[in-house]
Amino acid sequence: MRTVSNKFGCCLRQTFTFIALLCLLVMGQLTTRAQEVTAAINGVVSDPSGAAVAGAKVTAKDLDRGTPWPTTTNANGFYNFPRLPIGNYEVRVEVPGFQASVKSPVVLQLNQIAKVDLPLQVGNVSETVEVTSAA
């Protein structure tokens with residue numbers, strides 16, 4: 001009878017240890033995510049008539065570090081940069097047959113979601129339209 005209780009106690013200790021380690025692992029993951037220092041940029045790319053432009057190449061360039069973050073617009077002309085380091089950015093969209101459109105600087109602060117809509121104008125690929133606005 002004694003061997004049965006020893007086996008049960010050993011099994012119980014192993015189960016408890018496993019559960020404790022699993023809890024520590026999950027809590028460590030939650031703490032790590034809470035410490036991220038990021039922000040986001042999103043918006044819509046549209047043509048002169050206001051229609052959404054799908055498949056447009058959008059780049060958010062980190063002006064502080066020189067890092068480019070590329071993406072493309074979806075079928076609704078929407079683009080999203082969900083987790084960017086905080087800092088100063090230039091957002092540029094390029095589509096064949098349209099002038100490039102640039103918005104700069106876009107200043108990202110902690111947990112900010114900046115909405116940057118980029119209108120396009122028909123023109124040569126070598127031309128650029130710079131969008132400016134006061135913060």
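## A tour from the ring pair outward

Search this whole structure for aromatic pairs and you'll find one. Keep in mind as you click around that you're looking at a predicted model.

**Stop 1: the rings.** Select Tyr79 and Phe81. These two form the aromatic pair, and the arrangement is edge-to-face. Their centres sit 5.7 Å apart, with 65° between the planes. Why does that angle get the edge-to-face label? Because planes over 60 degrees apart count that way.

**Stop 2: the whole chain.** Follow the chain along its sequence and the pattern is α-β-β-β-β-β-β-β-β-β. How much of the chain is buried? Of its 135 residues, 29% count as buried. The chain exposes about 9,100 Å², and carbon and sulfur atoms supply 61% of that. Take the contacts with a separation of 6 or more: 60% of them are between residues 24 or more positions apart.

**Stop 3: the helix.** Select residues 2-34, which make up helix 1. Pick out Leu22 in this helix. At 43% relative accessibility, Leu22 counts as partly exposed. Together with Leu22, they form a nonpolar patch on the surface. The accessible area of the patch is about 410 Å².

**Stop 4: the charged pairs.** Side chains of opposite charge can pair when their charged atoms come close. How many salt bridges does this structure hold? There are three, so let's visit each one, given that a salt bridge needs its nitrogen and oxygen within 4 Å.

- Select Asp62 and Arg65: their closest N and O atoms are 2.5 Å apart. Asp62 counts as buried, at 1% relative accessibility.
- Move on to Glu94 and Arg92, where the closest N and O atoms are 3.4 Å apart. Glu94 counts as partly exposed at 35% relative accessibility, and Arg92 counts as partly exposed at 26%.
- Finish with Asp117 and Lys115, with 3.1 Å between the closest N and O atoms. Asp117 is partly exposed, at 41% relative accessibility, while Lys115 is exposed, with a relative accessible area of 57%.

Conventions:
Residues numbered from 1 in each chain as written. Predicted model: local features only at pLDDT ≥ 70, side-chain atom pairs only at ≥ 80, totals over all residues. Heavy atoms only, no water. Helix = DSSP H or I, 4+ residues; strand = E, 2+ residues; numbered from the N terminus. Buried < 20%, exposed > 50% of the residue type's maximum accessible area, 1.4 Å probe, protein only. Contact = heavy atoms within 4.5 Å. Areas by Shrake-Rupley, 256 points an atom, 1.4 Å probe, with all protein chains shown as cover. Phe/Tyr/Trp six-rings, centres within 6.5 Å; stacked < 30°, edge-to-face > 60°. Patch = residues over 30% accessible without salt bridge, like charges linked within 9 Å, V, L, I, M, F, W, Y side chains within 5 Å. Salt bridge = Lys/Arg side-chain N within 4 Å of Asp/Glu carboxyl O.
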